[in-house]
Amino acid sequence: MTELETRLVKALDALSGHMEALEKRLETMTGNYQILSKRMQGLSGQLEAMGNAHSSLMERLEGMKGEQGRLEAQLKALQSQLSKS
């Protein structure tokens with residue numbers, strides 16, 4: 001084997017090693033991406049649930065404000081009746 005062939009074989013071996021290392025990194029990155037994707041989906045679901053809960057609470061608050069207004073009107077009516085008697 002000539003010196004050039006020997007150098008080419010060594011270069012190919014080195015490239016092969018780099019390719020294997022890159023493939024392992026790609027596998028790791030793919031696994032990390034899948035984990036992060038699942039976490040993001042979970043967080044998205046949690047955010048949606050929180051938004052739904054917030055909307056529900058705001059609706060209940062509006063209902064309570066309406067009830068408070070009605071009760072205040074009744075209280076004023078009762079106070080007015082008491083002051084007349």
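User: Is Lys65 buried, partly exposed or exposed?

Analyst: In this predicted model, Lys65 is partly exposed, since its relative accessible area is 45%, and that value falls between the limits of 20% and 50%.

User: Which residue does the side chain of Lys65 meet in a salt bridge?

Analyst: The partner is Glu62, with an N to O distance of 3.8 Å. Glu62 is likewise partly exposed, at 47% relative accessible area.

User: Where do Lys65 and Glu62 lie?

Analyst: Both residues belong to helix α1, which covers residues 3-84. They are three residues apart, about one turn of the helix.

User: How many salt bridges does a search of the whole structure find?

Analyst: The search finds two. One of them joins Arg70 to Glu67, whose closest N and O atoms are 2.9 Å apart. These two residues are also in helix α1, with a spacing of three residues. Arg70 is partly exposed at 47% relative accessibility, and Glu67 is partly exposed at 37%.

User: Changing topic, how many helices and strands does the protein chain have?

Analyst: The chain has one helix and zero strands. Its radius of gyration is 36 Å, well over the 12 Å that the globule rule gives for 85 residues, so the chain is more spread out than a compact globule. Its C-alpha atoms fill a box of roughly 120 × 15 × 10 Å along the principal axes.

User: And what share of the residues is buried?

Analyst: Buried residues account for 0% of the 85 residues. The accessible surface is about 8100 Å², and 61% of that belongs to carbon and sulfur atoms.

User: What about positive and negative side chains, how many are there?

Analyst: There are 11 positive and 11 negative side chains, and the centres of the two sets lie 13 Å apart.

Definitions and conventions
Residues numbered from 1 in each chain as written. Predicted model: local features only at pLDDT ≥ 70, side-chain atom pairs only at ≥ 80, totals over all residues. Heavy atoms only, no water. Helix = DSSP H or I, 4+ residues; strand = E, 2+ residues; numbered from the N terminus. Rg over C-alpha atoms; globule rule 2.2 N^0.38 Å. Buried < 20%, exposed > 50% of the residue type's maximum accessible area, 1.4 Å probe, protein only. Areas by Shrake-Rupley, 256 points an atom, 1.4 Å probe, with all protein chains shown as cover. Lys, Arg positive; Asp, Glu negative; His and termini not counted. Charge placed at Lys NZ, Arg CZ, Asp CG, Glu CD. Salt bridge = Lys/Arg side-chain N within 4 Å of Asp/Glu carboxyl O.
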